[in-house]
Amino acid sequence: MSDEDQKLADEWAAALSAQENATDGEGAGDPAGAELQQFEETSDSKAPLSREERKKLDAILDIPVTITMEVGHAKISIRNLLQLNQGSVIELERLAGEPLDVLVNGTLIAHGEVVVVNDKFGIRLTDVISQIERIKKLK
């Protein structure tokens, strides 16, 4: 991670922490100092990963994915689509205040709410779909 990326990540973490403290009145720890835990073991086995398994896992962890935040959707006819112009409003099926869907490569993985940090939009995850539920949806 470059210095510029780290600086941006630190700004986001500090702003989200400040926003959470302002809305909850409680501290949620120090997200800027929190580190991601490394995936060391499989859930079925207590044995550490072999060097070859770790190498394979490292290769998978570097694969880029597309993450999408979906506000909502609507179906309209082509006639109505062609009549849209600047200032037109399209009504979505989702209610105001309802959580957004967070999709990775088109698969729902979480729900969240919009936050603003340094004049940029972000999303705070409010509910992460369990791996078991995601696997069930694939079947």
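## Asn105 and the E2-E3 loop

At 52% relative accessibility, Asn105 counts as exposed (buried means under 20% relative accessible area, exposed over 50%, and partly exposed in between, with a 1.4 Å probe and protein chains only). Asn105 sits in the loop between E2 and E3. Its phi is near 50 degrees, a positive value in a residue other than glycine. Helices (H or I, at least four residues) and strands (E, at least two) are DSSP runs, numbered from the N terminus.

The model is a predicted one, in which local features need pLDDT of at least 70 and side-chain atom pairs count only at pLDDT 80 or more, while totals for chains, interfaces and linings use all residues. Residues are numbered from 1 along each chain as its sequence is written, and side-chain values use heavy atoms, with hydrogens and water left out.

## Overall make-up

The protein chain holds 4 helices and 4 strands. Read from the N terminus, its elements follow the order α-α-β-α-β-β-β-α.

Of the 139 residues of the protein chain, 15% count as buried. Among the contacts with a separation of 6 or more, 34% are between residues 24 or more positions apart; contact means heavy atoms within 4.5 Å. The protein chain exposes about 11,900 Å², and carbon and sulfur atoms supply 54% of this area. Accessible areas come from the Shrake-Rupley method with a 1.4 Å probe, and for residues only the protein chains shown count as cover.

## The sheet

The 4 strands form an open sheet in the order E1-E2-E3-E4, with antiparallel pairing. Two strands are taken to pair if DSSP finds at least two bridges between them. Strand E1 (67-70) and strand E4 (120-128) stand at the edges with a single partner strand each, so one side of each has no neighbour in the sheet. Neighbouring strands are turned by 40 degrees against each other on average, direction ignored. For such angles, axes are lines fitted to C-alpha atoms (for helices over the stretch in contact), and angles run from 0 to 180 degrees between N-to-C directions. Strands of a sheet pair through backbone hydrogen bonds, either parallel or antiparallel.

Strand E2 (residues 100-104) and strand E3 (residues 107-117) run antiparallel and are joined by 5 bridges. Within this pair, Leu100 stands opposite Gly112 in E3. E3 and E4 also run antiparallel, and 8 bridges join them. These two strands form a hairpin with 2 residues between them. Asn118 lies in the loop between E3 and E4, and has a positive phi of about 50 degrees although it is not a glycine.

## Salt bridges

The whole structure contains 4 salt bridges, where a salt bridge is a side-chain nitrogen of Lys or Arg within 4 Å of a carboxyl oxygen of Asp or Glu. Side chains of opposite charge can pair when their charged atoms come close.

Glu93, Arg94 and Asp101 are linked in a network of salt bridges. Between Arg94 and Glu93, the closest N and O atoms are 3.9 Å apart; between Arg94 and Asp101, the closest N and O atoms are 2.9 Å apart. Arg94 and Asp101 are both buried, and the relative accessible area of Arg94 is 16%. Glu93, at 42% relative accessibility, counts as partly exposed.

A further salt bridge joins Glu113 and Arg124, with the closest N and O atoms 2.7 Å apart. Glu113 belongs to strand E3 and Arg124 to strand E4, so the pair ties together parts that are 11 residues apart in sequence. In the strand pairing, too, Glu113 stands opposite Arg124 in E4. Glu113 is partly exposed, with a relative accessible area of 36%, whereas Arg124 counts as buried at 19% relative accessibility.

## A nonpolar surface patch

Val71, Ile76, Leu81, Leu84, Ile90 and Leu92 make a nonpolar surface patch of about 480 Å². Patches are made of residues with over 30% relative accessible area and no salt bridge; like charges are joined within 9 Å, and nonpolar side chains (Val, Leu, Ile, Met, Phe, Trp, Tyr) within 5 Å.

One of the patch residues, Leu84, lies in the loop between helix H3 (78-82) and E2. At 34% relative accessibility, Leu84 counts as partly exposed.
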